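Work through the following exercises with the sequence and the coordinates at hand. Each task is followed by a stepwise solution.

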Amino acid sequence: MAALRREFRSFTVLVLWEKELRKIGFLGAGQMATALASGFVRAGLVADHDIVASDPSGEAKTRFRDTVGNVVLADSNADVARNSEILIIAVKPPQVAGV
């Protein structure tokens, strides 16, 4: 089993997996999603073109693509869910209910 650990100011994300990551979807394309996605790509766990993300902010999606690489930007969360094997909810806790 492999693991990737990312440290943030107030929390730690630990991702465990048993097989090669394939299509990863991010609901939210802000700083948390960008840090995780770019870490996955840098670690060689997934190719940038196998990452799908959505965000209501066009600016956030542009920054996500500029940082992570040749990602797929979706128009909706439903599109991300349909096109992903792994789904990461990358929003702040008060926003989860709206996702």
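Among contacts (heavy atoms within 4.5 Å) with a separation of 6 or more in the protein, 56% join residues 24 or more positions apart. The model is predicted, so to speak of local features pLDDT of at least 70 is needed, side-chain atom pairs count only at pLDDT 80 or more, and totals for chains, interfaces and linings use all residues. Residues are numbered from 1 along each chain as its sequence is written, and side-chain values use heavy atoms, with hydrogens and water left out.

**Exercise 1.** State the order of the elements and the buried share of the protein.

Step 1. Helices (H or I, at least four residues) and strands (E, at least two) are DSSP runs, numbered from the N terminus. The protein has three helices and six strands.
Step 2. Read from the N terminus, the order is β-β-β-α-β-α-β-α-β.
Step 3. Buried means under 20% relative accessible area with a 1.4 Å probe, protein chains only; 37% of the 99 residues count as buried.

**Exercise 2.** Trace the pairing on both sides of strand E4.

Step 1. Two strands pair if DSSP finds at least two bridges between them. Strand E3 (residues 24-27) and E4 run parallel and are joined by four bridges, with Phe 26 opposite Ala 53.
Step 2. From E3 the chain passes through helix H1 (residues 31-42) to E4 in a right-handed β-α-β crossover. Right-handed means that, with the strands pointing away from the viewer, the path from the first strand over the helix to the second runs clockwise.
Step 3. E4 and strand E5 (residues 72-73) are also parallel, joined by two bridges, and Val 52 stands opposite Val 72.
Step 4. The crossover from E4 through helix H2 (residues 58-68) to E5 is right-handed.
Step 5. In E4 (residues 51-54), Ile 51 and Ala 53 point one way and Val 52 and Ser 54 the other; all are buried.

**Exercise 3.** Which residues of the largest nonpolar core touch the most other members?

Step 1. A nonpolar core is a set of buried Ala, Val, Leu, Ile, Met, Phe, Trp, Tyr and Cys residues joined through side-chain atoms within 4.5 Å.
Step 2. The largest one has 16 residues, and Phe 26, Phe 40, Ile 51, Phe 64 and Ile 88 touch the most other members.
Step 3. E3, H1, E4 and H2 each give two or more residues to this core; H1 gives the most, with four.
Step 4. Beyond its neighbours within four places in sequence, Phe 64 contacts residues including Phe 26, Ala 37, Ile 51, Ala 53 and Leu 73.

Technical notes. Buried means under 20% relative accessible area, exposed over 50%, partly exposed in between (1.4 Å probe, protein chains only).
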